[in-house]
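Subject: Structure handover

Hello,

Here is the structure I promised to pass on. Please open it alongside this message.

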Amino acid sequence: MHGHYWVPITVIMVNLYKGVVGNYTEKHLVDRLLTGYNTDARPVKNGSYPVTVELDIALAHLIDVNDHDQQLTANIWMRQFWTDEYLVWNPDDYHGLASVRLQASSIWRPDIVLFNRIFEEGYAELPDTKVIVTSNGSVSYLYTVTFKASCKINVIDFPYDTQRCSLTFGSWTHNVLGIDVVNKRPDGDLGQYRENGEWSIIDFAALRRESSYSSSDVVYSDVTFTLVIERQPLFYVYHIFTPCIVIILISLLSFLLPPESGEKLSLGIMMLLFLMVYMQVVVASLPTTSNYIPLVGRFFGVIILVVAMSTAVSVFLTALQFANVTTKPPYWLRKLLGMTQQSCWTNFLFYGRGRGPRRYEHDTGTEMVQATGCRRRPLTLPLGPKHNDSSNSYSQTCSCLHAEDTHVLLLKLNVITNKLDAWKQQHLKNVNEEDLLNEWKEVSARLDRVFLLVFLGACVIVSCTMTHIA
């Protein structure tokens with residue numbers, strides 16, 4: 001009978017022993033793991049083996065891309081994974097406790113930094129957040145960080161540009177034999193990304209590399225995440241290029257003004273000033289470089305050049321209004337502008353830019369009509385007594401005059417005729433000068449029409465190019 005009492009007593013004692021042993025709390029586990037733990041020593045029992053650190057980042061928000069300073073500001077979720085051989089335990093000894101959260105500063109952490117990060121106070125310090133440690137020694141170090149990184153910005157196609165920004169992570173002091181940095185997945189995580197109003201993400205690939213940074217053969221490993229982003233141009237099209245196109249159209253209206261109008265010159269100069277102001281506003285936001293001319297710079301350059309040429313033509317036309325022109329326009333210029341011969345295309349192209357018919361011709365043999373209705377041939381009256389014979393011939397040619405030889409009357413007629421001839425010569429000279437000036441005006445007006453077409457073509461091309469939203 002007494003032997004039968006020993007069996008349940010033995011079972012009770014075994015259960016009590018198991019309860020005491022397996023009733024360790026998380027506090028006891030943490031105390032045991034951290035007792036005698038060295039945060040400076042790599043967590044490997046064989047010092048010849050490296051610690052493999054797996055990297056993974058999640059892009060949460062692309063805060064800013066500074067074109068002028070060539071900087072990228074972003075918020076990311078950093079994820080690092082490695083195995084600590086000194087942080088292992090049997091979960092059965094702790095009521096199945098398979099993982100604990102420890103303060104990150106209480107254990108060893110890899111010195112992973114962003115190589116191309118812009119210097120800030122404490123930029124190399126690691127956040128002292130909690131780490132997740134599992135019973136097999138796996139450590140998950142998760143934290144969020146906002147950083148500024150250098151990024152080479154190429155704005156040759158601004159605002160239709162695509163940028164490639166590299167984020168290189170690696171150990172700052174350990175080579176590949178101490179810490180081997182690898183990427184956990186082939187690309188970055190965009191599952192938590194919040195859309196940016198200016199940039200859209202095209203790709204976020206990850207690549208592991210091994211590099212040597214000195215003359216020695218020591219190799220360091222790193223992981224580079226390449227962020228490919230594309231600019232959304234709607235903001236710049238609406239706020240910059242649309243006002244410029246309006247200015248262009250207003251400049252186009254200056255060609256409708258008469259060439260001799262002074263308002264044409266004023267309008268052209270005003271448009272040049274407006275374009276210069278807008279160009280300075282755009283250039284202020286772009287990086288300073290002499291390697292290339294951005295697309296927006298070429299846009300302003302073409303428009304400013306054409307407006308300047310139009311203004312130069314206006315200056316030329318204004319100068320013609322007050323110049324004493326003595327030579328005709330070159331033949332090649334008149335032929336080029338269709339002034340030597342008429343054709344359908346020149347009549348259509350230069351409609352409203354031609355001269356009216358000439359009122360006077362350079363003919364000194366025009367017949368004169370006397371007040372009496374008698375028509376006579378051109379004649380030259382004598383200037384003095386030496387030409388009495390000529391005066392007699394003149395008196396014989398006009399049947400309307402009496403046959404009496406009145407010398408006084410002939411002298412008076414001679415004076416009147418000479419004054420009429422002098423007036424006629426001066427009048428013909430004035431007509432010739434006016435006709436010559438009108439011919440230059442026609443050349444200028446036709447050149448103005450040519451510049452109008454060139455300017456219109458340039459406006460259409462650059463407007464379609466700059467306002468095209470891909």
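Below is what I found, taken region by region. One caution before you start: this is a predicted model.

**The four-stranded sheet**

Start with the open sheet. Four strands make it up, in the order β4-β7-β10-β9, and the pairing is antiparallel. Its edge strands are β4 and β9 (199-211), each of which pairs on one side only. From one strand to the next, the twist averages 20°.

Now take the pairs in turn. Strand β4 (residues 112-114) is joined to β7 by three bridges. Here I112 has S171 of β7 as its bridge partner. Nine bridges then link β7 to β10 (residues 220-231), and these two strands run antiparallel. To find this pair on screen, look for L167, whose bridge partner in β10 is F225. Between β9 and β10 there are 12 bridges, again antiparallel.

How much of β7 is buried? Seven of its 10 residues are, so the rest of the structure largely encloses this strand.

In a regular strand, side chains alternate between the two faces.

**Helix α3**

Next, look at α3, which covers residues 234-253. Does its length agree with its residue count, or disagree? At 1.5 Å a residue, its 20 residues should span 28 Å. The C-alpha atoms at its ends are 27 Å apart, so the two values agree.

The helix does bend, by about 35° at F241. A proline, P243, follows within four residues. F241 is also one of the buried residues of α3. Others buried in this helix include Y236, V237, I240, C244 and I245. Further along, I247, I248, S251 and L252 are buried as well.

**The largest cavity**

How many cavities of 30 Å³ or more does a search of the whole structure find? It finds two. The largest holds about 60 Å³ of space.

S251, a buried residue of α3, is among the residues lining this cavity. The lining also includes S254, F255, G268, M271 and F455. Two helices, α4 (262-283) and α5 (295-321), each supply at least two residues of the lining. Which helix gives the most? It is α5, with four residues.

**Backbone details in the loops**

As background, most residues other than glycine have a negative phi, and most peptide bonds are trans.

- F158 and P159 are joined by a cis peptide bond, with omega about 5°. P159 sits in the loop between β6 (138-150) and β7 (162-171).
- Q70 has a positive phi, near 55°, and is not a glycine. Its loop runs between β1 (51-66) and β2 (71-83). Q70 counts as partly exposed because its relative accessibility is 25%, between the 20% and 50% cut-offs.
- H95 also has a positive phi near 55° in a residue other than glycine. It is found in the loop between β2 and β3 (99-103). At 58% relative accessible area, which is over 50%, H95 is exposed.

Best wishes

Note on methods
Residues numbered from 1 in each chain as written. Predicted model: local features only at pLDDT ≥ 70, side-chain atom pairs only at ≥ 80, totals over all residues. Heavy atoms only, no water. Expected span 1.5 Å × (residues − 1). Bend = angle between axes of the 7 residues up to and from the residue. Buried < 20%, exposed > 50% of the residue type's maximum accessible area, 1.4 Å probe, protein only. Pairing = 2+ DSSP bridges. Axes fitted to C-alpha atoms, helices over the stretch in contact; angles between N-to-C directions. 1 Å grid on protein atoms, 1.4 Å probe; cavity = no way out; pocket = protein on both sides within 12 Å on 5 of 7 lines; lining within 4 Å. Points joined across faces, edges and corners; volume = space filled by probe spheres on them.
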